[in-house]
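Please read the following explanation with the sequence and the three-dimensional model side by side.

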Amino acid sequence: MAHRTFKIATVFSTLMLAISILLFIVGYIVSPWDYHFSFSDDSHVGVWTRGLDSRLVFFNDAEYGPYRGSIIGLVDADGNVYPPLEREEAFGDSWGIYYRYFKSSDSTIWTLMVTLWYPIVLFAIMPLVGLVCSAVGRSASNVAEPCGEREPPVTRVLKS
């Protein structure tokens, strides 16, 4: 039973690894501003690439797209920001995670980006363990059984 569960987990992990690698490559071809999947009117996901890092991008405004450091307000000569920000939160861009949240009186913009290296490494563990176990099992069986599976020589007793 444990062997079957291990095989099912390995197949699932291999499938998820393939999907993660495919998304990683797709990030070099499409942009989340042009192509994204929408869960609802204010929840979207896409893939974005920066250098050697493809990221899953979650954001709320399909027209604006994911926030990427652009201008969200203007400052007048007196230092007043328009539109005034009621709330501003930010985390990262470190360890493959980037988060920005801006709320003003007339709009809300949020973006969460997570590197695809995390799922690639995570989902590669089970297939690698399966390959190592398989290789160790084969080498152990090769030591126990000689190559070519020869039968022992037949000894003939000659009667005189």
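**The sheet and its surroundings**

Six strands form an open sheet in the order β1-β2-β3-β8-β7-β6, and their pairing is antiparallel. The edges are taken by β1 (37–40) and β6, each of which has a single partner strand, so one side of each is left without a neighbour in the sheet. Neighbouring strands of this sheet are turned by 20 degrees against each other on average, with direction ignored; the axes behind this angle are lines fitted to C-alpha atoms, for helices over the stretch in contact, and angles run from 0 to 180 degrees between N-to-C directions. The strand names follow DSSP runs, with helices (H or I) of at least four residues and strands (E) of at least two, numbered from the N terminus. Two strands count as paired if DSSP finds at least two bridges between them. In general, strands of a sheet pair through backbone hydrogen bonds, either parallel or antiparallel.

This is a predicted model, in which local features need a pLDDT of at least 70 and side-chain atom pairs count only at pLDDT 80 or more, while totals for chains, interfaces and linings use all residues. Residues are numbered from 1 along each chain as its sequence is written, and side-chain values use heavy atoms, with hydrogens and water left out.

Within the sheet, the pairings can be followed strand by strand. β2 and β3 pair in the antiparallel sense over seven bridges, and Trp-48 stands opposite Arg-55 in β3. β7 and β8 form a hairpin with three residues between them. Strand β8 (residues 108–115) has two faces: the covered one carries Ile-109, Thr-111, Met-113 and Thr-115, and the uncovered one carries Thr-108, Trp-110, Leu-112 and Val-114.

**Charged pairs across the strands**

Side chains of opposite charge can pair when their charged atoms come close. How many salt bridges does the structure hold? There are four salt bridges, each defined as a side-chain nitrogen of Lys or Arg within 4 Å of a carboxyl oxygen of Asp or Glu. In one of them, the side chains of Arg-50 and Asp-93 meet at 2.8 Å, N to O. Arg-50 lies in strand β2 (residues 43–50) and Asp-93 in strand β6 (residues 85–94), so this pair ties together parts that are 43 residues apart in sequence.

Asp-93 also forms a salt bridge with Arg-55, with the closest N and O atoms 2.8 Å apart. This pair links distant parts of the chain, since Asp-93 is in strand β6 and Arg-55 is in strand β3 (residues 53–59), 38 residues apart. The partners differ in their cover, for which buried means under 20% relative accessible area, exposed over 50%, and partly exposed in between (1.4 Å probe, protein chains only). Arg-55 is buried, with a relative accessible area of 6%, whereas Arg-50 is partly exposed at 41% and Asp-93 is partly exposed at 31%.

A further salt bridge brings together the side chains of Arg-87 and Glu-89, at 2.4 Å from N to O. Arg-87 counts as partly exposed at 41% relative accessibility, and Glu-89 is partly exposed as well, with a relative accessible area of 27%. Salt bridges that share partners join Arg-50, Asp-53, Arg-55 and Asp-93 into one network.

**Loops and surface**

Trp-95 lies in the loop between β6 and β7 (97–104). Its phi is near 55 degrees, a positive value in a residue other than glycine, and Trp-95 is exposed, with a relative accessible area of 75%. Pro-83, by contrast, is placed in the loop between β5 (81–82) and β6 and counts as buried at 13% relative accessibility. The C-alpha atoms of Pro-83 and Ser-107 are separated by 9.1 Å, although these residues are 24 residues apart along the chain.

Ile-29 is found in the loop between α1 (2–26) and β1, where it is exposed, with a relative accessible area of 66%. Together with Ile-21, Ile-25, Tyr-28 and Leu-52, Ile-29 forms a nonpolar patch on the surface, with about 550 Å² of accessible area together. Such patches are made of residues with over 30% relative accessible area and no salt bridge, with like charges joined within 9 Å and nonpolar side chains (Val, Leu, Ile, Met, Phe, Trp, Tyr) within 5 Å. Accessible areas come from the Shrake-Rupley method with a 1.4 Å probe, and for residues only the protein chains shown count as cover.
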